[in-house]
Amino acid sequence: MSEPRTLRPNILIVTEATLGMGHTRAAEALRDAFLTEAPDAVVRVTTALVPQAEALFNRLYGQTLARMPHLWGAAYASERWTSTLAKRAFGVSGLSRAKELFDAFRPDLVISTHALSVPPFARLKRRRPFTLAVAITDFDANGFWINRRVDHYFVAHPDVARTIAARYRLDVGRFQATGIPIDPRFADPTLPERARALRAALGLGPAEPLVLLMGGGEGLLDMPTVLKALDRRPEPFAVAAVSGRNAALREALEALRPHLSHRLIVTGWITETATWLSAADVVVTKPGGLTLSELFALGKAAVLLQPIPGQETRNVHFVERHGAATVVGDAEEAARTVGALLGDPDRRAALEAAARRLGHPEAARTIARTLLETLTNGARTPEAVVR
């Protein structure tokens, strides 16, 4: 039996600053959770790609999504073989940076929240002793995430664990269905009170419905079109639109404000996402993995549209199987659905209950506790809750 650890754990969380910020938010949630569970731990969040490679990836990714999203979907459809080739290239090209990070920080544990970080650290395990964990940030996974040198996979749901294990012929015992790591504030018992305070600060009455529009950190949802469709609805409600870091979108939303009959609240980048979501009655958004996890944690009625082909399309398939949100094809259908949900409390309550059943507000702390126990005991934790 291994001796208990006596040194404070040294933890390296590796992500990438890619479009949307979901991977970074997951890494930050894990950092906060580790420091809550083990205040004496040394926890660092960093990126594995060199700045030039990161900028190139973001440029290619962003241009592909903006101009030829079907190509990204096609790449996903063929990822079983394309990822094999690309992982080898990323593993070799990123190995020097992985060595540099490892030698600088000497971590006991490396946990990745981005698929591109996995190949170089998996390759590094041939030469360095450390525990390698992966927190998959969608409700499925592409082949980039998969490597047989990964010790622990943390996934959104038991169905995801079974699907990935079967697809890539992995032992399902490597997987733990903890949920995707989200900001620990989603589990804060004072959240309803903070949401009421936000509504009051926005000038909303206690019973006044609030529809929240979100498009991720880059503001990728076509909010002006959705807003115009919503404004044709007869139901009384206010709309809050979160433009993220997209300054052009915020300017377009502000220009629309004088022409709308419904009240419009526009905000840019927000840090209190949990509070804004908690304050909303219905949320209209793209189906990103972190966003869905946050909605489920709060049991929110959501209308999903404009998924990115690939990872978000797979997220939609998962949501539809579980009836945890309403998926629509365009802005007009989104507006009709919002009106129907606001006008039918029973329908909205059923959607909220289905979402809540998938919620894991404590996911980050569960992952942190699991991995700290593994480091302390020097042994694998019990197998995942995959039934």
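In the predicted model shown here, helix H9 passes helix H14 in a right-handed crossing, a hand assigned when the near helix is turned clockwise from the far one by less than a right angle. Helices (H or I, at least four residues) and strands (E, at least two) are DSSP runs, numbered from the N terminus. H9 covers residues 223-231 and H14 residues 331-343; the two pack at an angle of about 45°, with their axes 8 Å apart. The axes are lines fitted to C-alpha atoms over the stretch in contact, and angles run from 0 to 180 degrees between N-to-C directions. The pair is therefore oblique, the class left once angles under 35 degrees (roughly parallel), over 145 (roughly antiparallel) and 65 to 115 (roughly perpendicular) are set aside.

Turning to H1 (residues 22-37), its 16 residues should span 22 Å at 1.5 Å a residue, which agrees with end C-alpha atoms 23 Å apart; the expected span is 1.5 Å times one less than the number of residues. Buried residues of H1 include His23, Leu30 and Phe34, where buried means under 20% relative accessible area (1.4 Å probe, protein chains only). The buried residues of H1 pack against strands S1 (10-15), S2 (42-47), S3 (109-112) and S4 (131-135), and against helices H12 (289-298) and H16 (363-377), with contact meaning heavy atoms within 4.5 Å.

In H13, the buried residues include Arg314 and Phe318, and Gly323, with a positive phi near 60°, follows the helix.

Residues are numbered from 1 along each chain as its sequence is written. Local features need pLDDT of at least 70, side-chain atom pairs count only at pLDDT 80 or more, totals for chains, interfaces and linings use all residues, and side-chain values use heavy atoms, with hydrogens and water left out.

Conventions. Buried < 20%, exposed > 50% of the residue type's maximum accessible area, 1.4 Å probe, protein only.
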